[in-house]
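Please examine the sequence and the structure below before reading on. The numbered points that follow concern the places where chains meet.

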4 protein chains.
Amino acid sequence: MSATKLKIGCAGLGRMGKRHALNFLERTPRAELVAASTPDDSEIEWAKVHLAPYGVIIYKNYDDMLKHEGLEAVVVASATAVHAEQAIKAIEADKHVLCEKPLSTSVEISQTVLDAAAKKPNLKVMCGFSRRFDASYRDAHRKMMSGALGEPSVLRSQTCDKLDPTGFFVAYAEFSGGIFVDCSIHDIDLTLWFFGQDSRVKSVSAVGITAVEPDLRKHNDRDNAVGLVEFYNGKLAYFYASRMMAAGQEDTTEIIGTRGKVTVNAQPALNLVNVFDNTGIRREIPQHYYDRFEYAFVTEANEFTACCLENTPAPLKLEGAVQAVRIGAALQESLITGQKIFFDESGNRVEKTKL
Amino acid sequence: MSATKLKIGCAGLGRMGKRHALNFLERTPRAELVAASTPDDSEIEWAKVHLAPYGVIIYKNYDDMLKHEGLEAVVVASATAVHAEQAIKAIEADKHVLCEKPLSTSVEISQTVLDAAAKKPNLKVMCGFSRRFDASYRDAHRKMMSGALGEPSVLRSQTCDKLDPTGFFVAYAEFSGGIFVDCSIHDIDLTLWFFGQDSRVKSVSAVGITAVEPDLRKHNDRDNAVGLVEFYNGKLAYFYASRMMAAGQEDTTEIIGTRGKVTVNAQPALNLVNVFDNTGIRREIPQHYYDRFEYAFVTEANEFTACCLENTPAPLKLEGAVQAVRIGAALQESLITGQKIFFDESGNRVEKTKL
Amino acid sequence: MSATKLKIGCAGLGRMGKRHALNFLERTPRAELVAASTPDDSEIEWAKVHLAPYGVIIYKNYDDMLKHEGLEAVVVASATAVHAEQAIKAIEADKHVLCEKPLSTSVEISQTVLDAAAKKPNLKVMCGFSRRFDASYRDAHRKMMSGALGEPSVLRSQTCDKLDPTGFFVAYAEFSGGIFVDCSIHDIDLTLWFFGQDSRVKSVSAVGITAVEPDLRKHNDRDNAVGLVEFYNGKLAYFYASRMMAAGQEDTTEIIGTRGKVTVNAQPALNLVNVFDNTGIRREIPQHYYDRFEYAFVTEANEFTACCLENTPAPLKLEGAVQAVRIGAALQESLITGQKIFFDESGNRVEKTKL
Amino acid sequence: MSATKLKIGCAGLGRMGKRHALNFLERTPRAELVAASTPDDSEIEWAKVHLAPYGVIIYKNYDDMLKHEGLEAVVVASATAVHAEQAIKAIEADKHVLCEKPLSTSVEISQTVLDAAAKKPNLKVMCGFSRRFDASYRDAHRKMMSGALGEPSVLRSQTCDKLDPTGFFVAYAEFSGGIFVDCSIHDIDLTLWFFGQDSRVKSVSAVGITAVEPDLRKHNDRDNAVGLVEFYNGKLAYFYASRMMAAGQEDTTEIIGTRGKVTVNAQPALNLVNVFDNTGIRREIPQHYYDRFEYAFVTEANEFTACCLENTPAPLKLEGAVQAVRIGAALQESLITGQKIFFDESGNRVEKTKL
């Protein structure tokens, strides 16, 4: 074959890692998955069956994978705790990086990735906010940005997971950064996309409850939370995050402009089927995040590949990923302390803002 | 009170009769229900409780009611078999008439009502096609007739009842005139409304099955039937009627124009509620015809009253009611014989039409 | 007529007063509108045409109307500023009272109505929260209260008006009590209905903007506002109010339980019509509050009438009306000061609640 | 690479040919597109840019492509007129075949493909009815076949194209076989899928109009047509086909069982976006067939590949493709002659069936 392909490796083969690896292997024509790494034995077994037969070399050690001959890029899909470290190592090894969100649950650590990337302006370093690649969100963004709906002013967005009856999310909360960093980070990123990446926060406040899992309080987390974010440009956003949905994944956004509004997924649906029976008319909805955004991840893989091969700007700026963590962490703090938090126009905390 | 009210009597106090009586009693401010008649003892008992206390005189005999002092109008809501006879008697007694559909299951008998009315041009004689008074159908009609959607060309309409597990509709089929005369008559009337009251039929053909009640065949009827009607003005309509809906009443219409289309009730809903649970998202739908069209009947009562009081044209022309029965009866015949039926431009049957 | 009717008078014949008067005149079979009062000459002219012909006596002075022979009840539909005064006068004159919401924009004045009513336990005194009479809200309440959807835990509700390009709402804001008292009062009342009338508030916080009408700031108001309310029973509610909707009135509520959720009007629709044209599929939505809730007002009139005639408990407790104003006023204060407000379990303000 | 891939060639690189070629090249991991053929110079130019760089050999002559070293399978995506000939040649050259629908507009010619395939039972020969691979149709089929909705009894299905203002479809009608063979063939295939592949036709009847393109009559075609098909197993289907949709592609199906029904695409939507503006709430819909069914074609390519590699039964039986053409051609004949056509239980035409 003469057409050049991007040689990429996948770090981590957990739930999301497997998906990224297969997307780069099978659904990204211009990429060639050449390597994958995981310290986990069962993941290595999986890789032997699903990746190795197609020529993918499996590494137990991430640092070894980085030395893979000809490797040009890395998708970091490991545990959040090592996102930043692995991303920085890849940058230092001159690899392009697509890193799963968030860079880190810590603003400071997230910033270190940004700093590392700043030293290698030739590399593409991107944090994967998958909704930016979703066809519906893109259509909504295009429509709002066309101006036909006026100035975007209020944004409502929610990331709501189906209740996992195993309660796995309780243990998970220890490392997730909390519901606003883990879930609402997407809604925050969307807000920055629709309101302008340079929107500066004036205040955040949040409240939450533990309706189904009181044990979340041990990890300073909640199972339902609502947050308000006020911006200096006269816009406001409010977010709802939940671990308690009965029907499935409900990620809904509406952007309200001065002359109209646009909604995404206000009427969730798994597909185009409706069932009529003696209980009424019923439709199913996606059960999990990936059911809803599968094709967005495929688009993300393809667009990341294209920008690396063609040396065009990455679809997302890395700065936004740090800004999103900053807002998410402030909301989480407000959720736990019960206090409203104020910022001045330079982003410093203040006791109170001028009205 | 000085404002004049229309003094009206209600013939028949069965299921629909009760509704008409109460609508004229309670929800038609310009009418005064002064009398009601029924030969049925249990209906008389009902009337003693629900009508008599408000000054309504109850008659066991229809002819006696017609002689009620000051009576100006009659709503005929008795069994279909006596619609025509009672309507004609009322006309002859110089009363305005609102007659439940159909005038008769027989075209010839229906015509006798028209003939009687023709002799009393001062009277308002109207057959109650309730959908003409429904806010959604009126909105659809207005939108199509505005011309914005082009020339109405194809009409699909269905009248589908919720399955009655008692199978009552089998016995009922003996007198109903069949599913096309009993149910599709509404769809036929809508077709004439949207395509023009003077649309002339070129051919009709129909097929049907007995999916749940084979016994309907004893009465030359079916529980599901589809009919096609071709018109000389280059338009066509197709109808579906069923006794077998699981979720409720499903009366849906779409009118397709050369530049757009308009649908009525393509997404049935009882109200504005959606339930999200582990089976998905669900809404309920109206269970019976009256649940869906209750307010149309109220509007019908009010508009009939207004045209009588103000001597303005009736909202519906009586000729249409005969034309609708004619088409319905032809469809029913085609359903049973399995033959397509052709008409010339004068409405006479022919072996075959010119292509 | 032998069936007893409730003799009622209507105070105020402005926009809502006209509707209440006509509803009691024409659509409340067990009530008899005997009187109406208004100091406004043009409203008196309207009444001469629309009410007087049906025997309604028109008064220029409210106090005179209260002395109308045989008057048993009053619907107070005048300007908010005189709601409380008129309601109290009616109570003192031994009339049942249906008072438009809010009793007053002031918590203290609202309480005076409650105090007056407490002295006449034989009277029905009710504040008209119309959504409690809406068929969809009632269905949602029944479904949630059946327990099938688990414990109601989070409530989202919005009252959003279509943008009035005349900007009338700016002048109106001077007396409205602000957007949370004027609009969100309905959402607050719904919250108390779904969460329990005795739910005690732990904290409120709110933010808002003036996206279309900066002049609202002169009256300490905003055109878009979001508020959070935390309750001591572990539930939370969040509200959005806006004066800026492009498509029409958008009053949406969702109540999220531990095993399911129920939404009301999440997919607004004026009727059952959809238009398909070269811009896609389109439906219209109600333009104003009354378009959406017309039948709820009719039901309210009928149920108020029934409880007076039968001496049964009023459908709504008056205490809730004061509690709703209290929460609305706190939200409005938080909106303007930018501060979160905390309450202890007795309802007293505190600096901070225990986490 | 050690994992075996199916070596496939694509015959034809017109609109559908390009899509099939790219799907096998980029979105079918287990297939390797090794060759493509087209006699058309502009299509060859396209292939030089889009296929050749990835190692695909381009042939001007189909017969030459069949001799491509190691070729195992062919996707026939050329003009309908040569489908059968090319499919038969491939079968005779021992290649698996995925043939675009229809095999031919002629029943007799369609049958020759079946005959050729019968001689090579080791080959997979499949006609691409793409809807069978659509996730929504599959979900509907699974739900109906689970039995929960009772016995499928009535099927309504439509294939309606957006109006092409260039009127291209008039010239196209000369070779398309007519609207029932070109469009409704999909609906017919769905009917056989839901009702049982061995359902025998009792009668067909059809009517049609030329609402926008009278010139279609020159080619014995119509721009809007409705057809009825009655089966000997007591089921019935009715189809609507149109070239005149204003909003986009509207392919809707509902299958009505004795205890419930299932609909596919009764509420068309391009994506999850709704726009609210001063005209109401609006959503867009797919504009063309491929917009709606893109992923179904990808699934088709993957499943065809899998059955060839694993020697498992093809997802579709080839017999159905001939049966579908037979029914489509009979509907088209009825559309043009205006006569209802009857069949006996052996599939022979008769004057009239027994009632």
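Predicted model: local features only at pLDDT ≥ 70, side-chain atom pairs only at ≥ 80, totals over all residues.

1. Buried area is the accessible area, found with a 1.4 Å probe, that two parts lose on being put together, summed over both. By this definition chain A and chain B bury about 1,300 Å² between them, with 59% of that on carbon and sulfur atoms. In chain A, the residues that lose the most area to chain B are A:F276, A:I281 and A:R283, together 39% of what that side buries.

2. Residues are numbered from 1 along each chain as its sequence is written, chains are lettered from A and ligands numbered from 1 in the order in which they are written, and side-chain values use heavy atoms, with hydrogens and water left out.

3. The contact between chain A and chain B (heavy atoms within 4.5 Å) takes 15 residues from each of the two chains. The count of salt bridges here is 0, a salt bridge being a side-chain nitrogen of Lys or Arg within 4 Å of a carboxyl oxygen of Asp or Glu. Strand 13 (273-277) and strand 14 (280-283) of chain A each supply at least two residues of the side that touches chain B. The largest share, 4 residues, comes from strand 14 of chain A. Helices (H or I, at least four residues) and strands (E, at least two) are DSSP runs, numbered from the N terminus.

4. How do the two copies of strand 14 run where chain A is joined to chain B? They run antiparallel, and 3 bridges join strand 14 of chain A to strand 14 (residues 280-283) of chain B. Two strands pair if DSSP finds at least two bridges between them. In this pairing A:R282 stands opposite B:R282.

5. Chain A also meets chain C. In this case 43 residues of chain A are in contact with 43 residues of chain C. The area buried between chain A and chain C is about 3,400 Å², of which carbon and sulfur atoms give 65%. In chain A, A:V207, A:I209 and A:L228 lose the most area to chain C, together 16% of what that side buries.

6. The count between chain A and chain C is 2 salt bridges. One salt bridge joins the side chains of C:E250 and A:K261 (2.6 Å, N to O). Among the elements that give two or more residues to the side of chain A that touches chain C are strand 8 (201-209) and helix 11 (318-337) of chain A. Strand 8 of chain A gives the largest share of that side, 6 residues.

7. How are chain A and chain C related? Chain A can be laid on chain C with an RMSD of 0.0 Å by a turn of 180° and a shift of 0.0 Å along the axis, the copies being superposed by least squares on the C-alpha atoms of residues with pLDDT of at least 70 in both. The two copies are therefore related as by a two-fold rotation axis. In chain A, the C-alpha nearest the axis is that of A:K340, 3.3 Å from it. Because 100% of the interface residues of chain A are also interface residues in chain C, the copies meet through the same surface.
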